[in-house]
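Hello,

Here is the structure I promised to hand over. Please open it first, then read my notes below.

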Amino acid sequence: MVRVDLYQKNGKYFLIPYYVSDIAKKIVKNKAIAQGKREDEWITIDGTYDFIFSLFKNDLVRIIDSKGKEIFGYYNSCDRTNGAIEIKKHDGSVSWRGIGVRTAKLIEKYQVDVLGSYHKVKREKPSHELA
């Protein structure tokens, strides 16, 4: 998985996974992961959903989960069977798996500059709109 695109609607988050073949073929996908369903049964993302940002491996993220727990670390992977993601601590000593994004209260992405300071990313344009 090269990246996942994060969308939001009515306070819920949705992930669309992209693979190398999707990028190579310039495919724009509109199906978000639905737990326990085949890809053809996934949720159709239309103009009523807001694109938030794309997540690539090692992007710095802050998540407040459905129970109010804060997780701050680096995005590692996404499980396409249930839409959960894995976040790792900066030194790899701790890994949080199975973080459900659909019910998360907040998901933020940060940029890290050359001096190690980090700044919240507002909103990005979808990759297919950048060309």
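**Sheet and strands**

Strand S8 (residues 84-88) pairs with S9 in the antiparallel sense, over four bridges. Strands here are DSSP runs (E, at least two residues), helices are runs of H or I of at least four, and both are numbered from the N terminus. Two strands count as paired if DSSP finds at least two bridges between them. Across this pair, Lys 88 stands opposite Ser 95 in S9.

The model is predicted: local features need pLDDT of at least 70, side-chain atom pairs count only at pLDDT 80 or more, and totals for chains, interfaces and linings use all residues. Residues are numbered from 1 along each chain as its sequence is written, and side-chain values use heavy atoms, with hydrogens and water left out.

S8 and S9 belong to an open sheet of six strands, in the order S9-S8-S7-S6-S10-S11, with antiparallel pairing. Strand S9 (95-100) and strand S11 (118-120) stand at the edges. Each has a single partner strand, so one side of each is left without a neighbour in the sheet.

**Cores**

Which residues touch the most other members of the largest nonpolar core? They are Leu 15, Ile 63, Ile 85, Ile 87 and Ile 107, in a core of 21 residues. A nonpolar core is a set of buried Ala, Val, Leu, Ile, Met, Phe, Trp, Tyr and Cys residues joined through side-chain atoms within 4.5 Å. Buried means under 20% relative accessible area, exposed over 50%, and partly exposed in between (1.4 Å probe, protein chains only). Strands that each supply at least two residues of this core include S1, strand S2 (12-18) and S8. Another core lies apart from it, with eight residues, among them Phe 14, Ile 16, Tyr 18 and Tyr 49.

Ile 87 has contacts (heavy atoms within 4.5 Å) beyond four places in sequence, including Val 61, Ile 63, Ser 95 and Trp 96.

Asp 5 lies in strand S1 (residues 3-9). Asp 5 is buried, at a relative accessible area of 1%. Its side chain makes a polar contact with the side chain of Ser 54, at 2.6 Å. A polar contact is a pair of N or O atoms within 3.5 Å; within protein, one must be able to donate a hydrogen and the other to accept it, and residues adjacent in sequence count only if both atoms are side-chain atoms.

Lys 29 sits in the loop between helix H1 (20-24) and strand S3 (31-32). Lys 29 is also buried, at 14%. A 3.2 Å polar contact joins its side chain to that of Asp 22.

Best wishes
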